[in-house]
Amino acid sequence: MSRVRAGKSRAGAPISAAALTVTLLASGCSSTGMFGNSETQSPPPAASADTPKPSSFRERMTALFSGTPAPPANSGGAPAAQPVPRDDCPTIDIRPGASTYTVGPPGADPTATTLRFQATIARTARECAVLAGSMILKVGVQGRVILGPAGGSGQIEVPIRLALVQEGVEPRTIWTKAYRVPVTIPPDQTNVQFVQVEEDISFPLPKPAELAAYLVYVGFDPTLVKEPEKKPPPKKKPRAAG
């Protein structure tokens, strides 16, 4: 059994209880996490060449956010060392002031009539495991783009940043990464969902007291998008003396 921990930040929209923890059922499996059985569980039976492997984190994030079951993945090759799932995953929170991203005309602030689109972050999910003294953290983010009065179909990008921070008197950034997530808006739709998945966050496993202060921040980062400079109004030419 594999469990995906999902939730929202204090700044996000409410989420139903059913969406907070999604459990993917598999026959004969009784552990938590995406990496298989934990150390306290009995070892699973030897897998044959025809035994389906668990679906990837990316596939299960897409399934979680879309409400469809994740397909199993058949991957061959020799078995490798398996990470041990952990429940003490850092919490995900939306950074204050970074839960929405609005875009207006080039070089100008959006207004009620010139808004092209607005993007929001709706849900997040994460999973953790430990391998060779390092914690492996995987994060999924679901958001939505809604067109404004001046918006239209086509390809856009939404700038998102993830940051793993150790909170305290002097917060310390452990890891951070920025993304320009492409979103395609079809001609017949005014709002579209997008999903961003990060599967490669790894850091040395800290002591439990230190790990409790770790927090994953997610939010929109407009600095990733180079907006055209706002042009100053043209200067009036002085009148010629009569």
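Residues are numbered from 1 along each chain as its sequence is written, and side-chain values use heavy atoms, with hydrogens and water left out. Because the model is predicted, local features need pLDDT of at least 70 and side-chain atom pairs count only at pLDDT 80 or more, whereas totals for chains, interfaces and linings use all residues.

The protein chain holds three helices and eleven strands. Both are DSSP runs numbered from the N terminus: helices are H or I with at least four residues, strands E with at least two. Along the sequence the pattern is β-α-β-α-β-β-β-β-β-β-β-β-α-β. Of the 242 residues, 36% are buried. Buried denotes under 20% relative accessible area, exposed over 50%, and partly exposed in between (1.4 Å probe, protein chains only). The chain exposes about 14,400 Å², and carbon and sulfur atoms supply 55% of that area. Accessible areas come from the Shrake-Rupley method with a 1.4 Å probe; for residues, only the protein chains shown count as cover. Contacts (heavy atoms within 4.5 Å) were also examined. Among those between residues at least 6 apart in sequence, 68% join residues at least 24 apart.

Aromatic pairs were assigned from the rings of Phe, Tyr and Trp (its six-membered ring) with centres within 6.5 Å; planes under 30 degrees apart count as stacked, over 60 as edge-to-face and the rest as tilted. The count by this rule is three. Tyr-101 and Phe-117 are edge-to-face, because their ring centres lie 6.1 Å apart with planes at 65°. Tyr-101 belongs to strand S5 (residues 100–103) and Phe-117 to strand S6 (residues 117–131), so this pair ties together parts 16 residues apart in sequence. Both residues are buried. Tyr-101 also pairs with Phe-220, here stacked, at 6.0 Å centre to centre and 25° between the planes. This second pair links strand S5 to strand S11 (residues 214–220), with Tyr-101 and Phe-220 119 residues apart. Phe-220 is buried, as is Tyr-101.

The charged end of Arg-95 lies over the ring of Tyr-217, 4.2 Å from its centre. The criterion is NZ of Lys or CZ of Arg within 6 Å of the ring centre and within 35 degrees of the ring normal.

Four salt bridges were counted, each a side-chain nitrogen of Lys or Arg within 4 Å of a carboxyl oxygen of Asp or Glu. One joins Arg-86 to Asp-88, with the closest N and O atoms 2.8 Å apart. Arg-86 is partly exposed at 28% relative accessibility, and so is Asp-88 at 32%. Arg-180 and Glu-157 form another (2.9 Å, N to O). That bridge links strand S9 (residues 172–185) to strand S8 (residues 154–166), across 23 residues. Glu-198 bridges to Lys-177, with the closest N and O atoms 3.4 Å apart. Glu-198 lies in strand S10 (residues 191–204) and Lys-177 in strand S9, so the bridge ties parts 21 residues apart in sequence. Glu-198 is buried at 6%, whereas Lys-177 is partly exposed at 38%.

Neighbours within four places in sequence aside, Asp-221 contacts Pro-159 and Arg-161.
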